[in-house]
Amino acid sequence: MALDDLSQFTEAMTQSNQTIVTEFILLGFSHLPELKPLLFVLFLGMFLITLVGNSLIIFVTMTSSALRSPMYFFLRNLSLLEICYSLDIVPRLLIDLLADRRRISLPACALQLLLILSCVTSECILLTVMAFDRYVAICQPLRYGALMSPRLCLWLAVGTWMAGVPVSLAFTLWLFSFPFCGRQEIHHFVCDISPLLRLVCADTGVFETHVLAATILVVLVPFALIAVSYGRILSAVLGVRLVSGRSRALSTCTSHLLVVALFYGTAGVIHLQPRASYSPESKELVSLSYTVVTPMLNPIIYSLRNEEVRVALWRMWGKKKRSRTS
């Protein structure tokens, strides 16, 4: 019976003139062949800065006794998340820029999409947790130690990392359960939902509706919570009479606000429409900003805008110089 079913399935596929797709071809930046060497050098440099910068943030927040507060614990998680995100996207992008036929198998494409969705979901929630941490630190400073206990911080971090798994797994399995029409060209440099939907030869209306609902839940709800947190922070800061006290309170928030603006200004907007109306070229540029540029800028923002991180980095650098000269 199993052999008969298999033969019937094969005949049905042949009659419908559909080709079983086993791999895709990533066409990212194929319209700029003369710029590929320059793009390779540029993206490689940004990738190395991302790895080194975020690794430094992780190292200095783990080793410096002055950076033991929950804020730096969550910052360490953010840096680790940015490293994972970059490792999922940039090495493949660099290889494709040098290859003539940029093929990627269906399992590899599905895995990349799974990790992208998981990282984006986790980052949305982590940025919300970091905003809550700043709210407690500024609006309820006397209860900060009790509310943001090490145990709670650990559970928040674990929950942040795990929250992206069911969402990404559900939508990845659902998307790859659709039949693909034999077209293999993905007009993007990554396996993302929008370019993959263009290759599906089935009605994806229900899927897109669920993606939009999940995006609102995962992206807009955390953004609203961040806005509420900073609204209360601003109200509390304006109640401080001393100007020095206001600036000290706001200085701990500016780095996080810049990171939130960078992330939501690109990733949040482009993921609100599964079948976005952008051209493939413009979507590539927008996607670059949150897949390559933002992970590189985050450690730079925190090291330049946060005085405690700068001091810890200079102390670490000074110890290394003294150890070399001694």
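Helix axes are lines fitted to C-alpha atoms over the stretch in contact, and the angles between them run from 0 to 180 degrees between N-to-C directions. The structure described here is a predicted model, in which local features need pLDDT of at least 70, side-chain atom pairs count only at pLDDT 80 or more, and totals for chains, interfaces and linings use all residues. Residues are numbered from 1 along each chain as its sequence is written, and side-chain values use heavy atoms, with hydrogens and water left out.

Helices are DSSP runs (H or I, at least four residues) numbered from the N terminus. Helix α6 covers residues 150-175. This helix has 26 residues and reaches 39 Å from its first C-alpha to its last, close to the 38 Å expected at 1.5 Å a residue; the expected span is 1.5 Å times one less than the number of residues. Buried positions (under 20% relative accessible area, with exposed meaning over 50% and partly exposed in between, for a 1.4 Å probe and protein chains only) in α6 are Cys-153, Ala-157, Thr-160, Gly-164, Ser-168, Phe-171, Thr-172 and Leu-175. These buried residues pack against α3, α4 (106-139), α7 (193-197) and α8, where contact means heavy atoms within 4.5 Å.

Two packed helices are described by the angle between their axes and the distance between the axes. The axes of α6 and α8 come within 11 Å and cross at roughly 165°. The two helices are therefore roughly antiparallel, a term for angles over 145 degrees, whereas angles under 35 count as roughly parallel, 65 to 115 as roughly perpendicular and the rest as oblique. On the α6 side, Phe-171, Trp-174 and Leu-175 meet Val-206, Phe-207, His-210, Val-211 and Ala-214 of α8.

Helix α3 also packs with α6, at an angle of about 20° and with the axes 11 Å apart. This angle makes α3 roughly parallel to α6. From α3, the contact involves Pro-70, Phe-73, Phe-74, Asn-77, Leu-80, Leu-81 and Cys-84, and from α6 it involves Cys-153, Leu-154, Leu-156, Ala-157 and Trp-161. The crossing of α3 and α6 is right-handed.

Helix α8 (residues 205-238) contains 34 residues and reaches 47 Å from its first C-alpha to its last, close to the expected 50 Å. A bend of about 30° occurs in α8 at Ile-216, taken as the angle between axes fitted to the seven residues ending there and the seven starting there. Leu-225 also lies in α8 and is partly exposed, because its relative accessibility is 47%. The C-alpha atoms of Leu-225 and Thr-128 are 6.7 Å apart, although 97 residues separate them along the chain.

In helix α3 (residues 70-98), Leu-87 is partly exposed at 46% relative accessibility. Residues up to four places away in sequence being left out, Leu-87 touches Phe-47 and Leu-51. Phe-47 is among the buried residues of α2, as is Thr-50, whose C-alpha atom lies 9.9 Å from that of Leu-87. Helix α2 (residues 36-63) has 28 residues and reaches 40 Å, close to the 40 Å expected.

Thr-294, in helix α10 (residues 280-305), is buried, with a relative accessible area of 3%. Apart from neighbours within four places in sequence, Thr-294 is in contact with Glu-82, Leu-262 and Ser-289.

Key: A crossing is left-handed if the near helix is turned anticlockwise from the far one by less than a right angle, and right-handed if clockwise.
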